[in-house]
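Subject: Structure for your attention

Dear colleague,

Please find below the structure that I am handing over to you. I would be grateful if you kept it open while reading the notes that come after it.

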Amino acid sequence: LIEDLPKVSVQRPQWADCRGYEQLFEQHWSEIPYGYFDKLHVYRELGVNGSKRQRFMSLRDRVRRTLPNTSCGVVYLRRASTLDGRTAANEAELMNTLAARGVAIVDSASGAQSLLTAALDADVIITHEGSQAAHALLALQQHGSLIMLQSPYRFYNPHLEWTRLLGMGYGTIVGRATDEGFTISPDEVLQMVDLLKP
């Protein structure tokens with residue numbers, strides 16, 4: 001059986017949240033830089049289907065069995081890197097406006113378990129386009145919504161398919177181009193929260 005075979009992984013990037021998720025999900029990976037095999041099964045998990053939904057739900061259940069439930073309402077998930085052109089030039093203004101309306105500000109660089117504890121069962125998670133949005137798939141409450149803040153210079157939103165797969169809401173706000181990059185209207189974000197909040 002495939003399940004009985006030893007599992008190995010190529011060497012992976014040293015992202016801050018990887019180890020936290022591995023501990024949370026009791027995953028143990030043996031990483032190798034290269035190898036020779038008589039027989040090799042390669043796992044490729046990119047499809048969006050019922051099987052993937054079942055696995056997501058299993059992971060979401062494990063998070064809730066392990067971490068305390070905070071039910072924090074609305075969360076702004078800040079990107080770890082703000083220098084790659086995907087974060088609005090007026091992020092400080094945006095965060096100040098959201099915080100004044102009771103939105104919790106969570107830094108994605110805080111590590112998987114700290115992030116999930118701070119955002120668990122949020123009604124809405126707001127973030128700029130980027131891989132950190134994947135945290136929302138585990139953190140959002142069952143019928144919560146993800147709001148993606150999008151650069152006008154690029155458009156990439158695979159999280160739309162993933163949130164639909166999980167029965168969650170999804171909204172996109174495209175920024176306005178400026179000489180400094182782009183800006184996001186805090187008022188538009190708050191209007192979208194009102195539209196999507198369960």
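Predicted model: local features only at pLDDT ≥ 70, side-chain atom pairs only at ≥ 80, totals over all residues.

For helix H3 (residues 91-100) and helix H7 (residues 186-196), the axes come within 9 Å and cross at roughly 45°. The two helices, H3 and H7, are therefore oblique to each other, and the crossing is right-handed. On the H3 side, the residues involved are Glu 93, Leu 94, Thr 97 and Leu 98, which meet Pro 186, Val 189 and Leu 190 of H7. These contact residues comprise 5 nonpolar, 1 polar and 1 charged.

Leu 24 belongs to helix H1 (residues 18-24). Its relative accessibility is 4%, so Leu 24 counts as buried, the limit being under 20%. Apart from neighbours within four places in sequence, Leu 24 has contacts that include Arg 62, Val 63, Leu 67 and Leu 116. The C-alpha atoms of Leu 24 and Arg 60 are separated by 11 Å, and these residues lie 36 residues apart along the chain.

Glu 26 sits in the loop between H1 and strand S2 (30-32), while Asp 121 sits in the loop between helix H4 (112-119) and strand S5 (122-128). Glu 26 is exposed, with a relative accessible area of 58%, whereas Asp 121 is buried, with 13%.

Yours sincerely

Notes. Residues numbered from 1 in each chain as written. Heavy atoms only, no water. Axes fitted to C-alpha atoms, helices over the stretch in contact; angles between N-to-C directions. Helix = DSSP H or I, 4+ residues; strand = E, 2+ residues; numbered from the N terminus. Parallel < 35°, antiparallel > 145°, perpendicular 65-115°, else oblique. Left-handed = near helix turned anticlockwise from the far one by under 90°. Contact = heavy atoms within 4.5 Å. Nonpolar A, V, L, I, M, F, W, Y, C, P; charged D, E, K, R; others polar. Buried < 20%, exposed > 50% of the residue type's maximum accessible area, 1.4 Å probe, protein only.
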